[in-house]
Structure formats: structure tokens, C-alpha cells
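Student: I am new to this structure. Please show me how to read its features one at a time.

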Amino acid sequence: MKTADLFNLKGKVALVTGGSRGLGLQIAEGLGDMGAKVAITARKADELVEAKKHLEARGIEVHTIVNDLSKFEAIPAMVDEVVKKFGTIDILVNNAGASWGAPAEQYPDEAWHKVMNLNINAMFFLSREVGRRCMIDRKSGKIINIASVAGLSGNPPDMTTIAYNTSKGAAVNFTRALATEWGKYNINVNAICPGFFPSKMASGILEKIGARVIAATPLGRIGGEEDLKGVAAFLASEASRHITGQYIAVDGGNSVT
């Protein structure tokens with residue numbers, strides 16, 4: 001097989017949660033540009049409409065689903081819809097997430113549960129559903145979990161996001177554990193750990209510490225609109241067929257300083 005063919009996703013079906021904007025939309029673009037049919041989910045119908053227009057303008061076949069992943073009981077129906085539309089799911093990108101800032105000693109119960117339910121519980125329930133419905137029997141599949149460099153360390157100064165950091169650390173080890181279990185089914189499970197990107201979730205904290213982050217980053221910048229596409233396409237393709245249970249930090253080198 002030629003090297004270029006290893007990255008070809010033509011004929012593959014990708015499900016990207018939280019795919020209507022930000023990092024999820026960027027990943028959907030990357031997978032679609034490499035030939036995949038893409039299903040994207042999000043809570044807001046209007047944002048999905050705009051994302052669909054954007055992706056279709058790039059020549060990507062896309063299906064949108066309004067879905068709140070914190071409602072776990074709706075996950076099987078969401079998977080049903082994708083399978084009905086495209087026949088199967090070859091690539092699952094667990095991207096949807098939430099954060100909440102508050103000092104640990106004042107952290108509200110509802111905030112902790114909201115972050116954990118979306119960032120780790122939904123990740124497990126959706127992976128389980130897609131795995132047993134679309135990947136295990138076929139002995140083929142790629143699961144990409146969007147964790148964070150925040151899951152690789154404690155909270156830096158000025159960030160009181162204990163639930164977010166905890167959930168992203170859990171996502172990294174969930175990736176390792178699931179890769180260990182499902183390797184026998186030829187399912188690759190890996191994680192991407194983005195650093196700071198100019199997303200809606202990160203905008204507030206970047207206003208406070210953005211200059212400091214950039215100064216501490218070897219490449220001297222935060223993430224941009226093209227910086228997750230390549231690594232997502234790589235982990236979704238046959239080019240990564242012998243890689244599983246790993247995480248890749250995409251942060252301009254900030255996590256190594």
C-alpha cells in the first residue's frame with residue numbers, strides 16, 4: 001500500500017460529538033477532507049445548521065443530529081440514526097465536553113456532576129454502544145477521545161477547574177483501559193490532548209492568562225484552526241494501525257516546559 005493510501009478515509013463513516021463548532025468542527029473537517037462521511041452531534045440546532053453548510057461547502061457528506069449527551073438514555077437512538085443513515089460507524093470521536101470554574105472548597109455539586117457526566121460518563125456509554133453495535137463483530141474500528149493537557153497535570157495558577165482536570169485525566173486512563181480490552185477486536189483507542197485553542201470554552205481563561213501561556217510555549221502560539229486536523233486524520237486512518245492506548249499532546253510544546 002502506498003503511504004498516501006494509508007491516510008485515505010474514503011468510504012469510512014465518522015461520528016463526531018460536539019461537532020458543530022470549535023475543535024469538533026475542525027476535526028470533522030479534517031476527517032471529511034480525507035474522504036469520510038461525517039455525522040456530527042450537538043445540543044443547538046442552529047449551530048448544526050451552520051456547521052452542515054460549512055462542511056458541505058467543502059464537499060463533505062454530513063448528517064446532523066440534535067442530541068444532549070448528558071441524557072444517557074438517548075445515546076442508543078443517536079447511534080441508531082447514524083447507522084440508519086450511513087450503515088455503520090467506523091470512527092468515533094468523543095469530543096463533546098464541558099467545564100466549570102470554581103474553587104474546590106466552593107465547587108457546587110451540580111457543577112461536578114455536569115462536568116463528569118458529559119466529559120467521562122457519556123464518553124464511556126457512547127463508546128460502549130458504538131463498540132458493540134458497529135465495531136466488535138466487524139473487528140475494526142477507531143475511537144479517538146478528546147482529552148486535554150489539563151488531564152496531565154494539576155491546575156495551573158488562575159485556573160480553578162478541578163472537575164475538568166479530573167475528568168480529562170480520567171479520559172486519558174479510560175483510553176488506556178479500553179485500548180487494552182478492545183485490542184483483541186482490532187479496535188484502536190487513542191486520545192488527543194489539546195492545549196489552549198481559541199474555543200468558546202477557553203475564551204474566558206485565555207483573556208486572563210493567554211500571554212503567559214504563549215510565553216511558556218516553545219512554538220510561541222496557541223492552537224489554530226488547522227492544528228488538530230492532521231492528528232485526528234492520522235489516528236482515524238490505517239496509518240496508525242499499530243498505535244493504541246496512547247495520547248498525543250497538541251499544545252505547541254507547552255506541556256514539556
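Student: Where does N186 lie?

Tutor: Helices and strands here are DSSP runs, numbered from the N terminus; a helix is H or I over at least four residues, a strand is E over at least two. N186 sits in the loop between α6 and β6. This is a predicted model, where local features need pLDDT of at least 70, side-chain atom pairs count only at pLDDT 80 or more, and totals for chains, interfaces and linings use all residues. Residues are numbered from 1 along each chain as its sequence is written, and side-chain values use heavy atoms, with hydrogens and water left out.

Student: What phi does N186 have?

Tutor: The general idea comes first. Most residues other than glycine have a negative phi. N186 is not a glycine, yet its phi is positive, about 60 degrees.

Student: Which loop holds K139?

Tutor: K139 is found in the loop between α5 and β5 (141-146). K139 has a positive phi too, about 55 degrees, and is not a glycine.

Student: Is K139 buried or partly exposed?

Tutor: Look at relative accessible area: under 20% is buried, over 50% is exposed, and in between is partly exposed (1.4 Å probe, protein chains only). K139 has 46%, so it counts as partly exposed. N186 is partly exposed as well, at 46%.

Student: Where does G183 lie?

Tutor: G183 is in the loop between α6 and β6 (187-194). G183 is partly exposed, with 39% relative accessibility. Between the C-alpha atoms of G183 and I120 there are 21 Å, and 63 residues along the chain.

Student: Now a proline. Where is P103?

Tutor: P103 belongs to the loop between β4 (91-94) and α5. Its relative accessible area is 29%, so P103 is partly exposed.

Student: Let us turn to a strand. Is L15 buried or exposed?

Tutor: L15 is in strand β1 (residues 13-17). Its relative accessibility is 0%, so L15 counts as buried.

Student: Which residues is L15 in contact with?

Tutor: Contact means heavy atoms within 4.5 Å. Set aside the neighbours within four places in sequence. L15 then touches A39, T41, M78, V82, I89, I91, L92, V93 and L126. A C-alpha distance is another way to look at it: L15 and K37 are 8.7 Å apart in space and 22 residues apart in sequence.

Student: How do I read a pair of aromatic rings?

Tutor: Two values describe such a pair: the distance of the centres and the angle of the planes. Rings of Phe, Tyr and Trp (its six-membered ring) pair if their centres lie within 6.5 Å; planes under 30 degrees apart are stacked, over 60 edge-to-face, and the rest tilted.

Student: How many aromatic pairs does the whole structure have?

Tutor: The search finds five. One of them joins Y107 and W112, with centres 6.3 Å apart and planes at 85 degrees, so this pair is edge-to-face. Y107 is buried at 11% relative accessible area, while W112 is partly exposed at 33%.

Student: And what of F124 and F174?

Tutor: Their ring centres are 6.4 Å apart and their planes stand at 90 degrees, so this pair is edge-to-face. F124 is in helix α5 (residues 109-135) and F174 in helix α6 (residues 162-182), so the pair ties together parts 50 residues apart in sequence. F124 is partly exposed at 35%, and F174 is buried at 14%.

Student: Which residues do ring pairs link into a cluster?

Tutor: F72, F124, F125 and F174.

Student: Now the whole chain. How many helices and strands does it have?

Tutor: There are eight helices and seven strands. Buried residues make up 48% of the 257 residues. Among contacts with a separation of 6 or more, 74% join residues 24 or more positions apart.

Student: What radius of gyration does the chain have?

Tutor: It is taken over C-alpha atoms; the globule rule is 2.2 Å times the number of residues to the power 0.38. A compact globule of 257 residues would have a value near 18 Å, and the chain has 17 Å, which agrees. Along the principal axes, the C-alpha atoms fill a box of roughly 45 × 40 × 40 Å.
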